[in-house]
Amino acid sequence: VFLDDARRLLQLAEQADVTAKRTSEGNAGRVVIGFTTVMGYELIPGLIAAAHQAMPDTEIVLREMVAAAQLDALENHTIDVGFLWPLASRMAALRHETIFRDPLVVAMPEHHPLATCANVALDDLNGLPFVMFSPERGRYFYSLVNGLLLAAGVTPRYVQHLDQVLTVVGLVGTGIGVAIVPASVARFRFE
């Protein structure tokens, strides 16, 4: 009567042993990955495809988060890995590595007077309406862009402060101002 149950239990025990071994070798389990919006279309798709091929038994959970939220999640152990722009004031306690660089470019509407220029200097942005990142939720890019503008003596006329790079570029496309954004967003077309 219990023979079939005993066989099933033996099979489950053998399977558990194999699963435990695969997990200890890093070939199975669960990894929770935090990433910023820009990383979500520049880096994460290729990384996830490669991870699924190399580790098919590993569950990969993705969490789109701003850099500060990722650092909190890393400290609280609610994500295992974060792909973020470095916040110098909070990176010292973490093991981190640069794996991706994305230069900054000026985003402007298609028919902006500067759109025909081969090179746009920071001075060219002085006094222009400017779509800027939020100092709270877009802190990394806000600090980076604001520092560049201050160092160049440029005083833009801020018309909006926004959290996400795609929203910044989308509003630039409406013609309300220019912005400085990561070059990787150039692949997107906003109409």
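**Note on the cavity and cores**

1. A search of the whole structure, a predicted model, turns up one cavity of 30 Å³ or more. The largest cavity holds about 200 Å³ of space. Its lining counts 18 residues, and V66, R137, G138, F141 and D163 are the closest to the centre.

2. What is the lining made of? Ten of the lining residues are nonpolar, four are polar and four are charged. Helices α2, α4 and α6 each supply at least two residues of the lining. With three residues, α6 gives the most.

3. Helix α4 spans residues 67-75. Buried positions in α4 are A67, A68, Q70, L71, A73 and L74. After α4 comes H77, with a positive phi near 60°.

4. Now the packing. The largest nonpolar core has 26 residues. Those with the most contacts inside this core are M39, I44, F83, W85, V165, V168 and V181. At least two core residues come from each of β1 (28-35), α2 (37-42), α3 (44-54), β5 (129-133), α6 (139-151), α7 (165-173) and β7 (179-182). Which element supplies the largest share of this core? That is α7, with four residues.

5. V181 is worth a look in the viewer. Leaving out residues up to four places away in sequence, V181 touches P103, L104, V105, A107, F133, V165, V168 and V169.

Notes:
Residues are numbered from 1 along each chain as its sequence is written. This is a predicted model: local features need pLDDT of at least 70, side-chain atom pairs count only at pLDDT 80 or more; totals for chains, interfaces and linings use all residues. Side-chain values use heavy atoms; hydrogens and water are left out. A nonpolar core is a set of buried Ala, Val, Leu, Ile, Met, Phe, Trp, Tyr and Cys residues joined through side-chain atoms within 4.5 Å. Buried means under 20% relative accessible area, exposed over 50%, partly exposed in between (1.4 Å probe, protein chains only). Contact means heavy atoms within 4.5 Å. On a 1 Å grid over the protein atoms alone, a cavity is a set of points where a 1.4 Å probe fits but cannot get out, and a pocket is an open set with protein on both sides within 12 Å along at least five of seven lines; lining residues have an atom within 4 Å of a point. Grid points are joined across faces, edges and corners, and a volume is the space filled by probe spheres set on the points. Ala, Val, Leu, Ile, Met, Phe, Trp, Tyr, Cys and Pro count as nonpolar, Asp, Glu, Lys and Arg as charged, and the others, Gly among them, as polar.
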